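I opened my notebook today to look at how the chains of this assembly meet.

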Protein chains: 4
Amino acid sequence: MSSSYGENLHLTIFGQSHSPAIGMTLEGIPAGEQIDFEALQRFLERRAPGRNAYSTARKEADAPEFLSGLREDRTCGVPLTAIIRNGDTRSKDYAPFSAVPRPGHADYTANVKYFGFQDYAGGGHFSGRLTAPLCIAGGICLQILHRRGIDVISRIRAIGDVEDSSPLTASTAEKAFPTVDEAAGEAMQAAIARARAQGDSLGGVIECAVLGLPAGLGDPMFGGMENRIAGIVFGIPAVKGLEFGAGFAAAKLRGSQNNDSYTVKDGRIETRSNHCGGILGGITNGMPLVFRAAIKPTPSISMEQDSVNLETLTEEKLRVGGRHDPCIVPRAVPVIEAAAAIAVYDALLGRKKELREEAWT
Amino acid sequence: MSSSYGENLHLTIFGQSHSPAIGMTLEGIPAGEQIDFEALQRFLERRAPGRNAYSTARKEADAPEFLSGLREDRTCGVPLTAIIRNGDTRSKDYAPFSAVPRPGHADYTANVKYFGFQDYAGGGHFSGRLTAPLCIAGGICLQILHRRGIDVISRIRAIGDVEDSSPLTASTAEKAFPTVDEAAGEAMQAAIARARAQGDSLGGVIECAVLGLPAGLGDPMFGGMENRIAGIVFGIPAVKGLEFGAGFAAAKLRGSQNNDSYTVKDGRIETRSNHCGGILGGITNGMPLVFRAAIKPTPSISMEQDSVNLETLTEEKLRVGGRHDPCIVPRAVPVIEAAAAIAVYDALLGRKKELREEAWT
Amino acid sequence: MSSSYGENLHLTIFGQSHSPAIGMTLEGIPAGEQIDFEALQRFLERRAPGRNAYSTARKEADAPEFLSGLREDRTCGVPLTAIIRNGDTRSKDYAPFSAVPRPGHADYTANVKYFGFQDYAGGGHFSGRLTAPLCIAGGICLQILHRRGIDVISRIRAIGDVEDSSPLTASTAEKAFPTVDEAAGEAMQAAIARARAQGDSLGGVIECAVLGLPAGLGDPMFGGMENRIAGIVFGIPAVKGLEFGAGFAAAKLRGSQNNDSYTVKDGRIETRSNHCGGILGGITNGMPLVFRAAIKPTPSISMEQDSVNLETLTEEKLRVGGRHDPCIVPRAVPVIEAAAAIAVYDALLGRKKELREEAWT
Amino acid sequence: MSSSYGENLHLTIFGQSHSPAIGMTLEGIPAGEQIDFEALQRFLERRAPGRNAYSTARKEADAPEFLSGLREDRTCGVPLTAIIRNGDTRSKDYAPFSAVPRPGHADYTANVKYFGFQDYAGGGHFSGRLTAPLCIAGGICLQILHRRGIDVISRIRAIGDVEDSSPLTASTAEKAFPTVDEAAGEAMQAAIARARAQGDSLGGVIECAVLGLPAGLGDPMFGGMENRIAGIVFGIPAVKGLEFGAGFAAAKLRGSQNNDSYTVKDGRIETRSNHCGGILGGITNGMPLVFRAAIKPTPSISMEQDSVNLETLTEEKLRVGGRHDPCIVPRAVPVIEAAAAIAVYDALLGRKKELREEAWT
């Protein structure tokens, strides 16, 4: 189903940009898991707008209200629902887009899909704002994973042409601009500033690694870790590409270069390289699970664009007003982490089903 | 679940490389769809080995036996099951890999996941041979889509460093080596021959386009066409990357370059470019749905490799015997088409649920 | 997953008796369906307590707030979420039940399942109050079905030993006490009054019929209409039995009596009797779909009962305080209708996938 | 989806009465589970026809061939597929039923659902023969459950008017006619013989108990054990009613009678009675899980019946030829056990996900 994810967890995201609220329901978290609400709030703030010069100045209070699923600060085993109220609902700002779709947005495809009944205000259910409830779910999963020794780290790998090629080995969560190489980060911010000055926008690449995973997670074929991560990451607006380990570069390597040979380190099996991104046959091998997502440039630009009036079927010029991020990539970093955490925790719960009970064999 | 795919269709792939048979069950095809068995067989032969100099000489008779779901040559509405018998089952060739995993294969991860109970012979359920039943399912979907004016075409986009950058506009199914640019195809074959001579292997990129799709297919968020295609394509062994439209290159474009502006052509809304690969907000816009999959080099190489004995936890040299494709990419082309067809037909069936009944409103 | 239902629709019920809110998310309703909020409110009031002498005097304002999924009064195609705030949350009334489980309630099983982390207040997620969001979802489906000529009617068939054996042919929704035979209804109310006077409770049987269904709904085996209705009706607290058509009585008939012979009426195929309850092989035959659900007597009684202290593992006497319905059956009637409507609409959406497109064959 | 069942297991049943084969695919059984093929065969023979005077004389060799999912006699963690070849396929015996549907069978509903493309031979996918693959899956689950101290027992509770009211406490699997009270069993057999002599048929009730279950299995609402068992048991042809514990009789009890009071026995919490059938709030309480299924009389009778010609829409007399069971109930007993075992094992796997990891808290 469209807005649901998970095999063992079951996440549903609901809401539109200008509906009374947005939110999420998460089923399948076992009872007794503690939630640190302050840490969750700090995580959500990494996604929130208005944090930096390069992001939109709109003010959104992304403070979730938990409606169900808790007894005090612990899960009680039943569906967990949290909502975020939308402050400035039913704005008239977006009315024109019902007839003249913004290029690069879902305005036109939503119009066709929903036979004109879509909620077009603010992009409706397609708004990037819907990544906030994804971050609530992911933020909770991150806390649960962390207690099991599993951590998700990520960074901006590229903005436009500027790349951060230093190895990703530690969290960038505390950084105002989440790169490993700070010089690269400054160059990226300069590029964003240039694009903004021209009324244009930039995309980029986010790299994510999951550390501390046991070997044996995931399933063959359509249940592979790649499929599971793709199933949620492509649900983040603007993601148009995804690669694991060496990814597209692997296609240029020879087998003798790309194969990760095995070794023993501290009595534990490891691989010398990690071109496979920690996944073989869809299943984790205990090395870091590494992936990169390509984010297209924000489609909302202030330059004039060509579009079509859907009612008259004539071409029309369009200028997207309002304040918009010239580059969504920095705010998408925690969203990618959230998505990875949900996919990994879902797989971890599935793994528990397979474990052999000593007394049962 | 691991080996199942689909929301409206429901495909399950079963079998191991050396089990009595491999096969597939496909639920959800409406009753009355005709199957052209000869066309299906021709499609399966595009995947079969031994077809070219660059593929392994093993002989496999990939002739499916249909066990259920048909009345003569038409679907009767209930689960469709077809199997392919495995000729040379229970071979002893693969016994050593139970203790010493082949780098780049799923030997080690399967060993961990299944607690040593995995069927290691020939790679078991992780064998590339399991793409044959995927092609049975996909071949049937391709026929059904074709009758509705929808066609899936694809080609080898790159082998190692050699690229075919001519535009993909027509099927390459009839070609012995499926590129658009034949000179590029010859260079690719030469590269494969060189790798083979050195006991090494090559990977590549496959590009696929779905033509004739209506706008409005797919769902928001986790039900987007990207998610759906990723969910099946990452189930094909060796796929490590996937991108839609401009994909990773979009991350380097500006919004003003990447946005596809709308125009009207023959009374129909189109976009001037197709950087989005025919998908906006997860939903088709009526332009060709375009994606590329990165295929890693075949992990089976005849060069000596480093591995570890899982029983003794000591390092061991390993040499993979037998005959193996130095490059799996050409045989993977119809598999990618099959996967795309299944994902698209599944979405098309889902779309039917939403259609408005004139008499009902 | 526990609190989710549906194959084409996707319903999730969330909330606990004393959590900030209870609610539901319903995915899969096509865009453009109109909701009559007043009619929905009237439907919800049929379930609300305090309506009659025989139901508890607690006052609950079951007015749903819609958070998402609408554009004005029409569905916009994305998940529909509605909540009902809980007024008197975090009450201390239920604290003792965490240690001494009430017989007939889920207190003990929830304690085991959730390792003591359950939300025991007011029965938590197991409270009958959770049927309110089920009625929101069902009330919407009832409106949609009604526009397609499909109506769900039901009545109290029995309370304790008193039976209403008049045939069910029309809605009892307007009646204060929903029986067909009013004399039987009065006898039932008298029986409830007697039980209440003794601090005891009564159960009963609800009969439901879905009229106007087309033939051909439902799927073979586990997708049969019986399975689908059972899958939701057994989710209503206190339902312990379910039968279709002649049901358990059919087990006493001979084949020659139970088989429903075919006839033609007004050019339409019908059956002379309806022992099969409108379902053969899991699929509707166009006759009324008829089922009956057995409701156990309310477990909350004011008489003293034997229980066990879970902490000390010693037997303890228990007396359940507060105000409780001596018979939940009357309030369960609209809940059964809601459940039937959801199951039927889900099947109807599934049926649309199979319909043959004229231009496509 | 129609012919699939399970949340943690995933069972698909395929085949038609006269297709080349029938079979099942079962995903989700963890690797390493041993299968005793001889015990499985003995279990399948309890369902096979021709075993007694009261069952049809047709000879079916219900010997499954395992195609995948095993390494020798143990599951290897991937989909398990087994088939049974159909001997006398494509018989002409059933041709007339395509136009004149047999009362009580799915002939008419299948004709509508599949737009005339159904496989009508032998009842197609709706044939009782499809319970054979259900018994393969269930027989395997029974073995796995037995190793964990869980056993499924059952018996004929009633045939027509004859009832076996002795308590069910032990397996009847070894009995030629599976009742507890042998006198009742003889009276039942006499009743069947009378019905057969008159060309008529009889139905009955089967009672089943699952012993040794831990408390805490199942989920609230739609994931309750009642819903789960109903979801599979109503997939068995001819089941028209299902009740748990006291079931429909509970509707006639007062709360003070129906509530099962708690007690402590050998340091373990039990209930003094078991009116709830071992399930409260959908979750097991550790007492025997008890249910009864109503089986309608076999619709195939040799007496003349009224039907309708679907092509001419005129009434026609019909006489069902061939040899048919005058009472399917005895052969359905192991099928009910199989269904219960699958539902219970599925819930047990789900339970493993929730278990608290000591090192993780």
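Predicted model: local features only at pLDDT ≥ 70, side-chain atom pairs only at ≥ 80, totals over all residues.

My entries below go through the contact of two chains and then the relation between two copies.

**Entry 1: the extent of the contact.** I looked up the contact of chain A and chain C first, and found 45 residues from chain A and 45 residues from chain C in it. The area buried between chain A and chain C came out at about 3200 Å². Carbon and sulfur atoms give 60% of that area.

Entry 2: How many salt bridges does the rule find across the interface of chain A and chain C? I noted two. I wrote down C:Glu65 with A:Arg85, a salt bridge whose closest N and O atoms are 2.7 Å apart. I also noted 16 residue pairs in polar contact between chain A and chain C, with both residues at pLDDT 80 or more.

**Entry 3: what chain A brings.** Next I asked which elements give two or more residues to the side of chain A that touches chain C. My list has strands S2 (10-15), S3 (21-27), S4 (65-68), S5 (70-71), S6 (74-75) and S7 (80-85) of chain A. S2(A) gives the largest share, five residues. Sorted by class, this side of chain A has 17 nonpolar, 20 polar and eight charged residues.

**Entry 4: chain B and chain A.** I then superposed chain B on chain A: a rotation of 180° with 0.0 Å of shift along its axis does it, at RMSD 0.0 Å. The two copies are therefore related as by a two-fold rotation axis. I also saw that 100% of the interface residues of chain B are interface residues in chain A too, so the copies meet through the same surface.

Notes:
Residues numbered from 1 in each chain as written. Chains lettered and ligands numbered in written order. Heavy atoms only, no water. Contact = heavy atoms within 4.5 Å. Buried area = accessible area lost by both parts, 1.4 Å probe. Salt bridge = Lys/Arg side-chain N within 4 Å of Asp/Glu carboxyl O. Polar contact = N/O pair within 3.5 Å; in protein donor to acceptor, adjacent residues only side chain to side chain. Helix = DSSP H or I, 4+ residues; strand = E, 2+ residues; numbered from the N terminus. Nonpolar A, V, L, I, M, F, W, Y, C, P; charged D, E, K, R; others polar. Least-squares fit on C-alpha atoms with pLDDT ≥ 70 in both.
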